[in-house]
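Colleague: I am new to this structure and would be grateful for a close look at how its first elements pack together. Please take me through that part in one connected account.

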Amino acid sequence: MTKYEWETELKKCIYRLPPEEIKRVMEYYSELFEDHIERGKNETQIINEFGNPVDVAFKILSEYDAEVGAKSDMSDGTAASKKELDISDKQAEARVAPTVAAEKAISVENKYDGRAADVKQKRDNAVKRRSSIGKTAGGIFKTIGYVLLAVIAVAFLGGGAYSVIVSFGVAAKSAGAGLVHMSMGAVMIGIGLLSALPFAVKFLGNKQADMLASNVAKENGNEDKN
């Protein structure tokens, strides 16, 4: 049942009320619908809260008949009785007014809460995007660093090995020159090994992680069997 269908059914059921009373009732429930919609509820949820329009109409008619009967009884009394009736009507309005005002206040508060939640969500999304960009940039620079280290390691290891090999031939002619070549080769090989050290550490770390994961998987498998 939609809002239109619910209101149409209610209006049919209270047809015997005066036109101004029907108008007042319909406007009241229309405002309630709007307030609940602003709080994030859909028409189905609101209608379930209001209940069957026939039951709502029966309650409205009963209250109206009781009110009309009371006014009829008091119309035969004195002016003081009429004054008491006016006071009673004002008290009834005073009871309804705070409820409507409270519902509107809650609606406004929910709007502000919703806006605050939207702002927080946007801020969190911006932080996530910046974090993602930072991680991507860090990964790129890290990759470039590994590539440079690999080039340096290969260059120095190759150059060092070549110098050591050449040093043997040079030593046959001049021991001093051969020693110089061998020293240069040793230094270059050392630099190459230091450059290759990060790769060795990363390789060993991955191996250790793989072994740990394998042991955990085996332990879980044994527990499942037991």
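Modeller: The crossing of helix 1 and helix 2 is right-handed (the near helix is turned clockwise from the far one by less than a right angle). Helices here are DSSP runs of H or I with at least four residues, strands are E runs of at least two, and numbering starts at the N terminus. The model is predicted, so local features need pLDDT of at least 70 and side-chain atom pairs pLDDT 80 or more, while totals for chains, interfaces and linings use all residues. Residues are numbered from 1 along each chain as written, and side-chain values use heavy atoms, without hydrogens or water.

As a setting for what follows, the protein chain has six helices and zero strands, which gives the pattern α-α-α-α-α-α along the sequence. Of its 226 residues, 16% are buried (under 20% relative accessible area with a 1.4 Å probe, protein chains only; exposed is over 50%, partly exposed in between).

The packing of helix 1 against helix 2 has an angle of about 155°, and the two axes lie 11 Å apart (lines fitted to C-alpha atoms over the stretch in contact, with angles from 0 to 180 degrees between N-to-C directions). Helix 1 and helix 2 are therefore roughly antiparallel to each other (over 145 degrees; under 35 is roughly parallel, 65 to 115 roughly perpendicular, the rest oblique). From helix 1, the residues Lys3, Trp6, Glu7, Leu10 and Lys11 meet Ile22, Val25, Met26, Tyr29, Ser30, Phe33 and Glu34 of helix 2. Sorted by class, this contact has seven nonpolar, one polar and four charged residues (Ala, Val, Leu, Ile, Met, Phe, Trp, Tyr, Cys and Pro are nonpolar, Asp, Glu, Lys and Arg charged, and the others, Gly among them, polar).

Turning to the sides of helix 1, which spans residues 3-13, its buried residues are Lys3, Trp6, Glu7 and Leu10. Viewed down the axis of helix 1, these buried residues fall within an arc of 95° and so line one face of the helix (the arc of directions from the axis to the C-beta atoms). The face turned away from that buried side carries Tyr4 and Lys12, which are exposed.

Apart from neighbours within four places in sequence, lysine 3 is in contact with Ser30, Phe33, Glu34, Glu43 and Ile47 (heavy atoms within 4.5 Å).

Helix 2 (residues 19-38) and helix 3 (residues 43-50) have axes that come within 10 Å and cross at roughly 130°. The two helices are therefore oblique to each other, and helix 2 passes helix 3 in a right-handed crossing.

The links across the wider chain can be stated briefly. Among contacts in the protein chain with a separation of 6 or more, 63% join residues 24 or more positions apart.
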